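This briefing covers ligand surroundings, domain layout and helix packing. Please look over the sequence and the 3D structure first.

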Amino acid sequence: MTGNENFDVVVVGGGAAGLSGAMVLGRSRRRVLVIDAGEPRNAPADHAHNYLGREGVPPLELLADGRAEVAAYGVELANDRVTAVTRTEHGFAVVTGSGREVAARRVLVTAGVVDELPDVPGLAERWGRDVLHCPYCHGWEVRDQAIAVLATSPMAGHQGLLFRQLTDDVVIVVADGVELSPTDLERMAAIGVPIEHGTPREVVTDGDRLVGLRLADGAVLEREAIVVASRPQVRADFLSPLGVEPQQVEMGGTPVGSVIAVDPVGATSVPGLYAAGNTTDISMTLIGSAAHGNRVGAFINADLAAEDADRAADDRRAEMFEQPAWEERYSGERVWSGNVNPQLEVEASSLASGRALDVGCGEGADTVWLAGRGWSVTALDFAVAALEKTAAHAAEAGVGDRVTTLQADVRTWQPGEERWDLVSSQFMHLPDGGMVDLTRRLGSAVAPGGTLLVVGHHPEDLATGLRHGHRSFLFTPESLIPALEDGEWEIEVCDVRSRTAVHPQAGEVTLRDSVLRARRLG
Ligand SMILES: Cc1cc2nc3c(=O)[nH]c(=O)nc-3n(C[C@H](O)[C@H](O)[C@H](O)COP(=O)(O)OP(=O)(O)OC[C@H]3O[C@@H](n4cnc5c(N)ncnc54)[C@H](O)[C@@H]3O)c2cc1C
């Protein structure tokens, strides 16, 4: 068994649907493998019809051309049979009859169907030649001929109508146990289609030439073509490890075949597993299957592109929380206005000064404001560049003697024994609910009777156009309350406040600040 081959997409089945899916994916520079067992549904027919631009092409010639076309875009093709598709951590493992095992982020199933034929001796041998099912695939080729429609389901009335359009000489032979509806019987009588009753005994031939049908009474009905309704059964046994089972298709209460159920983009019930062509719809002809494969291939490409971009965004977002990004940010020109944050000004103006902790002090505007009002401030940040700027700004403002800097990462920082009368966190954001844990630790740093003030961007700010980040790290004030143990805190403010700001790209926007202020009971 070979392993460790990784593909964006493995296509199971290289018929019209599979190759058309591979085409759009190959041209989108996806790494694609098409595994094909080489038995397209129309292989028994000499020619394929109704495929615009390739009218009358031999079926295998059409596919050989398609294989060459997709190979030109880097699609790999394998003559093999898929025996199992299983789930893996990052997608799927696809196993073949030859013992090959490959990994795929997505799988496109286009393995088509197997036509189950009525059980009449001699019928199967002539399938696709003069035993036919579809007026559009090969009706023109039997125009004006003597045709028998073998009715093994009530659907035969439909076939009688369509083949009568092509020839004056149609007889319907109704198998035992089948009843045509009164409407069909009336229609057939009106358009000159006689009805015979009883399951035929066999197909009669002379050498390789079709002679006709031996009817139930032993008489031979001479015919040049026989029309049957096959029951196409989806090839999907290799999907059982994923729990995907064929779904029966019925018409007028009669079972007519089976498919794999998909949604409008070709997605099955298993995320990442797609299907197209006859696998999903037994009535699709070649051109319809090709179009469906092409369409589903495009949706798979979009799905992969979105996944790639989301992963890149996750990586980029994760970097935003690391020290190097902030060192770089604070290494150049001033980033912020130098003004105190508005909610700190509102909430702390009336507080008597004491010891304050400014969490994530940045360039130190809040630290300098607090120190200017008599507070003795510990300015905490993990960026050395931020602390240097804070110290410099405090010195410029003449309050350097009331400012101490502390380099620490708030994601892991523990206050130890030290306590502050005011702990202020202004617009510190952590991903995935991390603010609740931080609020709890910051709360433990507040002295009895002291104040905890946590302010941040409300999730509604995502709609302002300021791109304040990602939903996972914006927070509501209520979401932080579980961090404050019952009985130890008085919640003084739990509020969402609007304010106006001017943004170079977005213009004047209304921002919403989440404000939580709590007093530790003494
Ligand atoms: C006799 C006959 C004549 C027809 N003539 C016409 C016609 O003239 N015009 C027309 O428009 N339509 C015609 N059709 C219908 C046409 O064949 C289908 O619409 C078309 O083939 C469906 O394309 P597909 O790609 O979904 O499936 P298919 O063409 O059946 O391709 C499926 C491919 O998957 C492969 N496969 C299956 N299982 C596996 C596996 N486990 N691992 C790897 N590969 C696998 C098969 O070998 C096959 O190559 C005809 C049908 C029949 C029965």
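Which residues in α9 meet which residues in α10? Thr-367, Val-368 and Ala-371 of α9 meet Thr-390, His-393 and Ala-394 of α10, where contact requires that the C-beta atoms of two residues, placed from the backbone, lie within 7 Å. The model is predicted, so that local features need pLDDT of at least 70 and side-chain atom pairs count only at pLDDT 80 or more, whereas totals for chains, interfaces and linings use all residues. Residues are numbered from 1 along each chain as its sequence is written.

**Helices α9 and α10**
- The axes of α9 (residues 365-372) and α10 (residues 384-396) come within 9 Å and cross at roughly 35°, with axes being lines fitted to C-alpha atoms over the stretch in contact, and angles running from 0 to 180 degrees between N-to-C directions.
- Helices (H or I, at least four residues) and strands (E, at least two) are DSSP runs numbered from the N terminus.
- The crossing of α9 and α10 is right-handed; this term applies if the near helix is turned clockwise from the far one by less than a right angle, and left-handed applies if anticlockwise.

**Helix α1 and its partners**
- α1 packs with α2 (residues 59-71) at an angle of about 15°, their axes being 9 Å apart, which makes α1 roughly parallel to α2, a term for angles under 35 degrees.
- The crossing of α1 and α2 is left-handed, and the contact joins Leu-19, Ala-22, Met-23 and Gly-26 of α1 to Leu-63, Gly-66, Arg-67, Glu-69 and Val-70 of α2.
- By class, five nonpolar, two polar and two charged residues form the contact of α1 with α2.
- With α6, α1 packs at an angle of about 35° with the axes 7 Å apart, and the crossing of α1 and α6 is right-handed.
- Among the residues that meet there are Ala-16, Gly-18 and Ala-22 in α1 and Ser-289, Gly-293 and Gly-297 in α6, and the contact of α1 with α6 divides into eleven nonpolar, nine polar and no charged residues.

**Ligand shell**
- The ligand is surrounded by 39 residues, of which the closest are Gly-13, Gly-15, Gly-112, Gly-277 and Thr-285, a residue counting as near if its C-beta atom, placed from the backbone, lies within 6 Å.
- The elements giving two or more residues to this shell are α1 (16-26), β2 (32-36) and α6 (286-320).
- The shell has 17 nonpolar, 16 polar and six charged residues.

**Domains**
- The protein chain is divided into domain 1 (2-113 + 233-311), domain 2 (118-229) and domain 3 (326-520), with bounds from an automatic or database domain assignment.
- The C-alpha centres of domain 1 and domain 2 lie 33 Å apart, and their contact takes nine residues from domain 1 and ten residues from domain 2.

Note on methods:
Ala, Val, Leu, Ile, Met, Phe, Trp, Tyr, Cys and Pro count as nonpolar, Asp, Glu, Lys and Arg as charged, and the others, Gly among them, as polar. Angles under 35 degrees count as roughly parallel, over 145 as roughly antiparallel, 65 to 115 as roughly perpendicular and the rest as oblique.
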